[in-house]
Amino acid sequence: MSYVETAGRIAREAGRMIHSRMDTDFSTEQKSSVFDVVTEVDKASEQLIRQRLKEAYPEHGFLGEEESFAHAGELEERLEQAKKEPFVWIVDPIDGTNNYVQGIPGFTVSIALACYGELRAGVIYDPCRDEIFWAEKGKGAFRNGSPITVSNAAELAQTVVGTGFPSKAANRQAVMTSLQEIAPQCRSIRSLGSAALHLAYVASGKLGAFWEYGLNAWDVAAGVLIIEEAGGRVTDTLGNPYQLSVKHIVGSNGGVHDALLKPMIPLGL
Ligand code: IPD
Ligand code: CA
C-alpha cells in the first residue's frame with residue numbers, strides 16, 4: 001500500500017469514528033482562549049491516527065495538533081527538526097472543531113506526509129459527505145477517485161472565496177481588515193469552518209481561492225499539496241513560497257492569486 005493509500009484508509013477510519021460520535025455527550029475543554037476548544041473526540045481521533053501510523057511505519061515521525069498544543073512552546077523547533085527528518089506525518093485529527101462542537105457539518109481529518117520538509121502526500125476526509133481528497137507529489141490530485149483541477153477563473157469577480165476566523169485576536173483582525181477589501185471584489189465569500197475543507201474546495205474548483213491568518217501546518221499541509229497537484233498556487237500572504245512554518249496563507253487557482261495578495265496585511269507571527 002502506498003503512503004497516500006495508507007493515509008486515506010486511516011483518515012476514513014478516524015472520520016467514521018468522529019462522525020459516529022457527532023451530537024453525543026462528549027466533553028469539551030478550552031485551549032489557548034475561550035475561542036479555542038478541543039473535545040475528547042479530537043484527542044481520541046489523534047490517538048487512533050497516531051497508533052495506526054505507528055503500526056504501519058514504526059520509524060516515522062509524528063506531529064499532531066493536540067499533542068503539539070501540550071508542547072506549544074516547542075512548535076517552531078519541531079518544524080525546523082522536521083526539515084531534517086525523512087518522514088514526518090502532520091495530522092489534524094478534527095479540523096473544524098467549532099463546527100463539530102455545534103453539530104454543524106463541515107469538519108475534516110487532515111493527514112500529510114513531509115519528507116525533509118517537502119510535502120510528499122496529503123489526504124483530507126470529510127466524513128459528513130463521505131468525500132475524500134488526496135494527492136501525491138507529482139501524481140495529480142483526486143476526489144473520491146476522480147482527478148480534480150482548480151478553476152480557470154482569471155478574476156476575483158468570477159470566484160467564490162473562502163476565509164476563516166482565527167481564535168487569536170490579531171489574526172482575526174487581519175482577516176477582517178483584508179475581508180473589507182476582498183469581499184466587494186469577488187462573487188461571494190464563504191467561511192465553512194475548516195481550513196482543510198476550504199483548501200480541498202480550492203483544489204477541486206468549488207472555491208477560487210482561500211486565505212487566512214494564524215493557521216498551523218496541521219490545518220494546511222495536506223491541502224497545500226492537493227492544491228499544487230490540482231494546478232493551483234499556495235504562498236504565504238506576502239507571496240513567498242509555502243513552507244511548513246507558514247501561518248498566514250493564500251491558496252488559489254493561480255489565476256486570481258496576485259489579486260488576492262494585494263490587500264493582504266503584513267503581520268508578524
Ligand atoms: C480551525 C479551523 C478553522 C480556522 C481556525 C482553525 P481547528 O482549526 O481550520 O477553519 O478558521 O483558524 O484553528 O481548531 O478546528 O482544528
Ligand atoms: Ca485545525
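Two strands pair if DSSP finds at least two bridges between them. Helices (H or I, at least four residues) and strands (E, at least two) are DSSP runs, numbered from the N terminus. This is a predicted model, in which local features need pLDDT of at least 70, side-chain atom pairs count only at pLDDT 80 or more, and totals for chains, interfaces and linings use all residues. Residues are numbered from 1 along each chain as its sequence is written, chains are lettered from A and ligands numbered from 1 in the order in which they are written, and side-chain values use heavy atoms, with hydrogens and water left out.

Strands of a sheet pair through backbone hydrogen bonds, either parallel or antiparallel. Here 7 strands form an open sheet with mixed pairing, in the order β3-β4-β5-β6-β7-β8-β9. β3 (61-64) and β9 (146-147) stand at the edges with a single partner strand each, so one side of each has no neighbour in the sheet. β3 runs parallel to β4 (residues 88-95), joined by 4 bridges. Leu63 faces Ile90 of β4, and Gly61 has Val88 as its bridge partner. On to the next pair: β4 and β5 are antiparallel, with 6 bridges. Asp92 lies opposite Ser110 in β5.

β4 is mostly covered, with 8 of its 8 residues buried. Buried means under 20% relative accessible area, exposed over 50%, and partly exposed in between (1.4 Å probe, protein chains only).

**The calcium site**

The calcium ion (ligand 2) is coordinated by Asp92 (OD), Asp95 (OD) and Asp219 (OD), at 2.0 to 2.3 Å. Donors are N, O and S atoms within 2.8 Å of the metal (3.2 Å for Na, K and Ca); water is not among the atoms, so sites may look incomplete. Along the chain, the donors follow the spacing D-x2-D-x123-D. Asp92 is buried, with a relative accessible area of 0%. Asp95 is buried too, at 6%.

**The five-stranded sheet**

A second open sheet holds 5 strands in the order β11-β10-β12-β14-β13, again with mixed pairing. β11 and β13 (233-236) are its edges, each with a single partner strand, so one side of each is left without a neighbour. Neighbouring strands are turned by 20 degrees against each other on average, direction ignored. β10 and β11 run parallel over 3 bridges. In β11, Ser188 is the bridge partner of Val160.

**Helices**

Contact means heavy atoms within 4.5 Å. Axes are lines fitted to C-alpha atoms, for helices over the stretch in contact, and angles run from 0 to 180 degrees between N-to-C directions.

| α7 (residues 195-203) | β4, β5 (108-115), β6 (118-126), β7 (131-136) | about 105 degrees with β6 |

In α7, 9 of its 9 residues are buried. Among them are His198 and Tyr201. Just after α7, Gly205 takes a positive phi of about 80 degrees.

α6 (residues 169-182) has 14 residues and spans 20 Å from its first C-alpha to its last, close to the expected 20 Å. That expected span is 1.5 Å times one less than the number of residues. Its buried residues are Asn171, Ala174, Val175, Ser178, Leu179 and Ile182. They cover an arc of only 135 degrees around the axis, which puts them on the same side of α6. The arc is that of the directions from the helix axis to the C-beta atoms. The buried residues of α6 pack against β10 (160-163), β11 (188-190), β12 (209-212) and α9 (257-261). Exposed Ala169 and Gln180 sit on the face of α6 turned away from its buried side.
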